[in-house]
Amino acid sequence: MSETDKLVAMTKKEILRIVDEIGMRHGRKRVFCDFLAISAIRMSNKTDKVHYDERFQEALIICKKYTEAEGSLFIKMHNILVMAYKELFEHGHFIDILGLLYMELGLSGNDQDFTPSDYSALISQLVYEGNPAIVGKAGFRKIADYTCGS
């Protein structure tokens, strides 16, 4: 197992453990959704000061559902995720840990599945490789991938 795989596995394991711990009282789906919301708010409030107060109030409403100890676990999950992404990016990797968690938690419903990052990367390489002009002036290329779920 590569160091990258170990990091992703350890990150998933720790976040899943915390989601399960808090989820015993609130439900896994609710906890994961609130974790995503709180994480998004924390990241946004670092850069977008215009909407800081509004988002801070939104985070407070979410946090009122949980005990103080549970609230600190949300911050712990966020920090674990941020540190994992930071390490992955420093080594030139991107792995969608949130997508992997979403699927592992069984939250997709409606028989919808998550498209793994490896598959998306393969499609990109097949379309782009050998033809860099395909990206054009916009810096991206639109393709219709009817199996894409992310």
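In which hand does helix 1 pass helix 5? Helix 1 passes helix 5 in a right-handed crossing. The close-ups below start with that pair, and every view comes from a predicted model.

**Close-up A. Helix 1 packs against helix 5.** Here you can follow helix 1 (residues 3-26) as it meets helix 5 (residues 97-104), with the two axes 10 Å apart and at an angle of about 50°. That angle makes helix 1 oblique to helix 5. On the side of helix 1, look for Val8, Thr11, Lys12, Ile15 and Leu16; their partners in helix 5 are Ile97, Leu100, Leu101 and Glu104. Sorted by class, the residues of this contact are six nonpolar, one polar and two charged.

**Close-up B. Helix 2 and helix 3 come together.** The axes of helix 2 (residues 28-47) and helix 3 (residues 52-63) come within 10 Å and cross at roughly 155°. Angles over 145 degrees count as roughly antiparallel, and helix 2 and helix 3 are therefore roughly antiparallel to each other. Their crossing is left-handed. Helix 2 brings Asp34, Ala37, Ile38, Ile41, Ser44 and Asn45 to the contact, while helix 3 supplies Tyr52, Arg55, Phe56, Glu58, Ala59, Ile62 and Cys63. Eight nonpolar, two polar and three charged residues make up this contact of helix 2 with helix 3.

Close-up C. If you zoom in on helix 4 (residues 68-90), you will find Tyr85 and Phe89 four residues apart, about one turn of the helix. The count for the model comes to six aromatic pairs. Tyr85 and Phe89 form a stacked pair, 5.7 Å centre to centre with 15° between the planes. How exposed are the two partners, Tyr85 and Phe89? Tyr85 has a relative accessible area of 13%, so this residue is buried. Phe89 has a relative accessible area of 48% and is therefore partly exposed.

Close-up D. A pair of aromatic rings is described by the distance of the centres and the angle of the planes. For Tyr85 and Phe94, the ring centres are 5.9 Å apart and the planes lie at 5°, so this pair is stacked.

Conventions. Residues are numbered from 1 along each chain as its sequence is written. This is a predicted model: local features need pLDDT of at least 70, side-chain atom pairs count only at pLDDT 80 or more; totals for chains, interfaces and linings use all residues. Side-chain values use heavy atoms; hydrogens and water are left out. Axes are lines fitted to C-alpha atoms, for helices over the stretch in contact, and angles run from 0 to 180 degrees between N-to-C directions. Helices (H or I, at least four residues) and strands (E, at least two) are DSSP runs, numbered from the N terminus. Angles under 35 degrees count as roughly parallel, over 145 as roughly antiparallel, 65 to 115 as roughly perpendicular and the rest as oblique. A crossing is left-handed if the near helix is turned anticlockwise from the far one by less than a right angle, and right-handed if clockwise. Contact means heavy atoms within 4.5 Å. Ala, Val, Leu, Ile, Met, Phe, Trp, Tyr, Cys and Pro count as nonpolar, Asp, Glu, Lys and Arg as charged, and the others, Gly among them, as polar. Rings of Phe, Tyr and Trp (its six-membered ring) pair if their centres lie within 6.5 Å; planes under 30 degrees apart count as stacked, over 60 as edge-to-face and the rest as tilted. Buried means under 20% relative accessible area, exposed over 50%, partly exposed in between (1.4 Å probe, protein chains only).
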